[in-house]
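Please look over the sequence and the structure shown here.

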Amino acid sequence: MTDKPVRLGFVVAEFNRDLTYMMEMEAEEHAKFLGASVSDRIYVPGAYDMPLAIRKLLKKSDIDAVVTIGCVIEGATDHDQIVVQHAARKIIDLSLEFDKPVALGISGPGMTRLEAEDRIEYGKRAVESAVKMVRRLAE
């Protein structure tokens, strides 16, 4: 499997779409650079909504790993903390359940909009992680 291109699924949050769009474009470009392909992509309202879409992609035999792309900006309450903590926990659970990597490309919580703009590369980092994990687990 190390010689085959890695087939990725993207789950992208539409919330803060101006930021997640840039994250998605960088992630897709980096996937091509690494010799991976984006086989499927599902758009969801926000990071909290990702687990069901991740599960759907993990069930597919033509998906080797899933990359999550989202941006959770701090608000007036601790809502951002709750969203990211629960999403991250479920992402780990799904990865273990399906025995496939699910890379966390969600920036936040606790960041301002300006800090979020500085973290656009989180999508790229998530692709890097997913591709490395698929290749290392195939060894």
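**Helix packing, cores and backbone**

Helix 1 passes helix 5 in a right-handed crossing. The model is a predicted one.

- Helix 1 covers residues 17-33 and helix 5 covers residues 122-137; the two pack at an angle of about 35°.
- The axes of these two helices are 7 Å apart.
- On the side of helix 1, the contact is made by Met23, Glu26, Ala27, His30 and Ala31.
- On the side of helix 5, Tyr122, Gly123, Lys124, Val127 and Glu128 make the contact.
- By type, the residues of this contact are five nonpolar, two polar and three charged.

**The nonpolar cores**

- In soluble globular proteins, nonpolar side chains tend to be buried together.
- The largest nonpolar core here has 23 residues.
- Within this core, Leu8, Phe10, Val67, Ile69, Val127 and Val131 touch the most other members.
- At least two residues of the core come from each of strand 1 (7-13), helix 1, strand 3 (65-71) and helix 5.
- A separate core has 20 residues, including Ala53, Leu57, Val84 and Ala87.

**The contacts of Val67**

- Neighbours within four places in sequence are left aside in the contacts of Val67 given here.
- Val67 is in contact with Leu8, Gly9, Phe10 and Val11, among others.
- Further contacts of Val67 are Ala103, Gly123, Ala126, Val127 and Ala130.

**A cis peptide bond**

- The peptide bond from Gly108 to Pro109 is cis, and its omega is near 5°.
- Pro109 is found in the loop between strand 5 (106-107) and helix 4 (113-117).

**Two residues with positive phi**

- Asn16 is a residue other than glycine with a positive phi, near 60°.
- Asn16 sits in the loop between strand 1 and helix 1.
- Asn16 counts as buried because its relative accessible area is 18%, and the cut-off for buried is under 20%.
- Asp99, also a residue other than glycine, has a positive phi near 60°.
- The loop between helix 3 (79-98) and strand 4 (102-103) holds Asp99.
- Asp99 counts as exposed because its relative accessible area is 68%, and the cut-off for exposed is over 50%.

How values were computed:
Residues are numbered from 1 along each chain as its sequence is written. This is a predicted model: local features need pLDDT of at least 70, side-chain atom pairs count only at pLDDT 80 or more; totals for chains, interfaces and linings use all residues. Side-chain values use heavy atoms; hydrogens and water are left out. Axes are lines fitted to C-alpha atoms, for helices over the stretch in contact, and angles run from 0 to 180 degrees between N-to-C directions. Helices (H or I, at least four residues) and strands (E, at least two) are DSSP runs, numbered from the N terminus. A crossing is left-handed if the near helix is turned anticlockwise from the far one by less than a right angle, and right-handed if clockwise. Contact means heavy atoms within 4.5 Å. Ala, Val, Leu, Ile, Met, Phe, Trp, Tyr, Cys and Pro count as nonpolar, Asp, Glu, Lys and Arg as charged, and the others, Gly among them, as polar. A nonpolar core is a set of buried Ala, Val, Leu, Ile, Met, Phe, Trp, Tyr and Cys residues joined through side-chain atoms within 4.5 Å. Buried means under 20% relative accessible area, exposed over 50%, partly exposed in between (1.4 Å probe, protein chains only).
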